[in-house]
Amino acid sequence: MSTAVNPPAASDAAPDHQTATIGGYRALGVEAGTHCVVWSNFTDSIQSLPPRAMDQNTLRMVVGPSWAIARHPRFNQQGELTGANWSKIADEIARDCVEKGVYRSDAVRGPGVYVAPDDPDVLIINSATLRRTDGKAIERSGEHGFVYPAHSDIGLNAAHEPADAEAIAEFEEVLATWRWARQTDARLLLGWAVTSLIPGALDRRPYALLTGPRGTAKSTMLDMLRCILGKTVKYYDGKSTAAGVRQDLAGTARGIMMDEAEAGEASNEARRIGAFVDMLRSAYSDGTDGLARGTPGQGALMFKLNFTALIAQINPPPMNDADRSRCVVLELDRLPSGALPPDFVLDEDAQREFGKAFRARALAAWPVLRGSMPVFKTALVGLGRSGRFGDTLGTLLAAYWALMHDAVATEAEALELINSTALEDHAESEVVVDETDALDRLLDGLLRIEATGKTLSVRQAIVQALLKPDPTAAIDLPEECRRMLVLHGIGVDLRQQMINVVSNPAHPQLRRLYAGSRYEIGGWSTMLGRIPGAQRNKSVRLDGAVRKCVRIPLTKDIRREAGLHLSDASQGQEGAQVDTFDDEPTAAHG
C-alpha cells in the first residue's frame, strides 16, 4: 500500500492558497532539482512546472485567472486594475515548493481503489467522482497527505446495489460450464476478478494465466469478464509491449486483461513476453515508490505499478520458480463438439447489468476480505505451503470467500475451503528451492534512498547502480544507490557483473532486509552460496573494512533491466572503486 506523507505545505496567510474564488494551488515539492510540483485547485490535477513553464499562459491554467487577480492584482500608474502579477505568483510557487522539499510521487493516487489512511476497513474510490465507502466527505487534495487527480468514470458507481451470495453462486455456475482441468479453478478466477477491482488496496497482487489449446473459448470468457468488470479493468491486445502498458497504467490502480499474448518463436517476441513477466513481478508486492527505469539522459524515471493481470494464451511463458509462485495457472480443456454456452454468456446486456452488482459486492466485501487474508495464509502455511504460496493462493481464496460470506473466515472455515479446492497442481508454483527463495527475498527488500526521499527494492537499486550518472541531475542516483547498498551489506561488481553479500549473520541491515523470513537470524550466505555460479567466503573491502562475502551472478531480470548499459558500465564508472574480487581483499564501493 502507499505510504502517507505530510499534507501539502502552504503559507500561514493562506493555508490552501485558495479563496472563495475558484482556483489556487498547493505546493507538493520539487522534482528533478528544478521542477516545481503543485496541486492545481483549478483543474484538480498535479502539474510539474519547469522554470520555462512559469509564465502567464501556463500559470493561468494552473491557478485560474480569477484567483490570480484576487491573490496578486496588478495596477497601472493610475491605480487601475490591469490583471494579475504573474511574476509574484511564480515566485510564491517556487518558494512554497522549495519549503515543501522533495516531491513524493507515492502520495499520488490516480484512478482506482485505495485503503483509507484513517480506517483500514474503508476504501477510497477515485473515479469521475471521489468518494469513501463509509460516505464521509473527502477532498481531492490534502487528505492525510494524499492527492487524488480527477479522472473519467471507471465504472464504480455508488448507486449500484451489491449482488447477494446467491447471484454470485449463479455466476460461478456459469463459469463452471467451461471445461476446467481443475473444476475449482473457477473459484480462483472469481477471486482474481475481485482483486482486479481493488489492486491499490492490496499488499499482494497475484496474477492469473488462463491457458488451454484452441477451442477452449478463452476469448469468450475474457469478453464476458470484460463486460462484467467494466471500465475499472483495462483490456490490451496480446501484441502490446510492457513499456506501453506500463506507461499507460502509470499512477493508476487498475486490473488488466490481455488475450492471445503468445511469445512465438522469434527472439524479440520472447523478450517482449519476458519483459511482461518482469513487470508482473514488480507489480506483485507493494511497499516501493515504483519501478525505476533509465531515461535517455541516464537518469531514473519511477513508475508506480499497482495492477493485477489476467493473461490468456495457449502456451504459458517460461517462468522461474519465483515468478510461478506469484501467479496461478488456470487451465481449460477443449469444449465438446457442438456444446452450446448458457444464454448469459451470449447476452452482453445481462452481463453489464450483473457487472454493476458484482463490482458493488466486491467493494462492500472489503472488510471481510481484509480480515480473511491472514487467516487463509496462516492455514496454508500450516499445511506446509511456503509463505509466498500462502500470499498468492490465500489472497485469491479470501477474495472468493468474501464474495460468498458476510463474516471473516474462521480457521476451520478457511481449512474447509482450502481442502475442497484442487491445489495439488498449483503446488508447482511454490518456491521449492531454498537458494532461489533466499535470493528473491533479498532482492525484494526495501532501501530508503535518503538523498531522493524515495524507496527502492534492492533489485531496483542494483539496476540503478549499473547506470551511468546523469551529469545534469542534481543528485547522482547511481552513486547514492551504490552507497545505500553497501550500507546494507551489498556490493555491486561492475566489471564481473556480480552481487556481493556480506556473510556475517549478525549484519543488522541484512537482517532487517530478511525480517519476517526464516533467514532473519542468518543462514542466507549458505543458501545464496548454492546458486549456480556463486562463490563463497570471498574477502571483499566493503564500507571501509574487509568482509567475508558470498558472490552471486546478476540475475537475468536485472541484466535485462540494465542491459542497454551493461556493456559500458565499467567504463562509465572510471575513477570509482569497483568490485574486482580476486583471492586477496580488493576495494569495493564504500
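Asn500 sits in strand S21, which covers residues 498-502. Keep in mind that this is a predicted model. Below, we start with that residue, move on to helix H14, and finish with some numbers for the protein as a whole.

**Asn500**
- With a relative accessible area of 0%, Asn500 counts as buried, because the cut-off for that label is under 20%.
- The side chain of Asn500 has a partner: a polar contact of 3.5 Å links it to the side chain of Arg551.

**Helix H14**
- H14 runs over residues 411-419, and its buried residues are Ala414, Leu417 and Ile418.
- Look down the axis of H14 and those buried residues fall within an arc of 100°, so they line one face of the helix.

**The whole protein**
- The protein has 590 residues, and 55% of them count as buried.
- Take the contacts between residues at least 6 apart in sequence: 66% of these join residues at least 24 apart.
- As for the accessible surface, the protein comes to about 24,600 Å², with 49% of that belonging to carbon and sulfur atoms.

Terms used: Residues numbered from 1 in each chain as written. Predicted model: local features only at pLDDT ≥ 70, side-chain atom pairs only at ≥ 80, totals over all residues. Heavy atoms only, no water. Buried < 20%, exposed > 50% of the residue type's maximum accessible area, 1.4 Å probe, protein only. Helix = DSSP H or I, 4+ residues; strand = E, 2+ residues; numbered from the N terminus. Arc of directions from axis to C-beta. Contact = heavy atoms within 4.5 Å. Areas by Shrake-Rupley, 256 points an atom, 1.4 Å probe, with all protein chains shown as cover. Polar contact = N/O pair within 3.5 Å; in protein donor to acceptor, adjacent residues only side chain to side chain.
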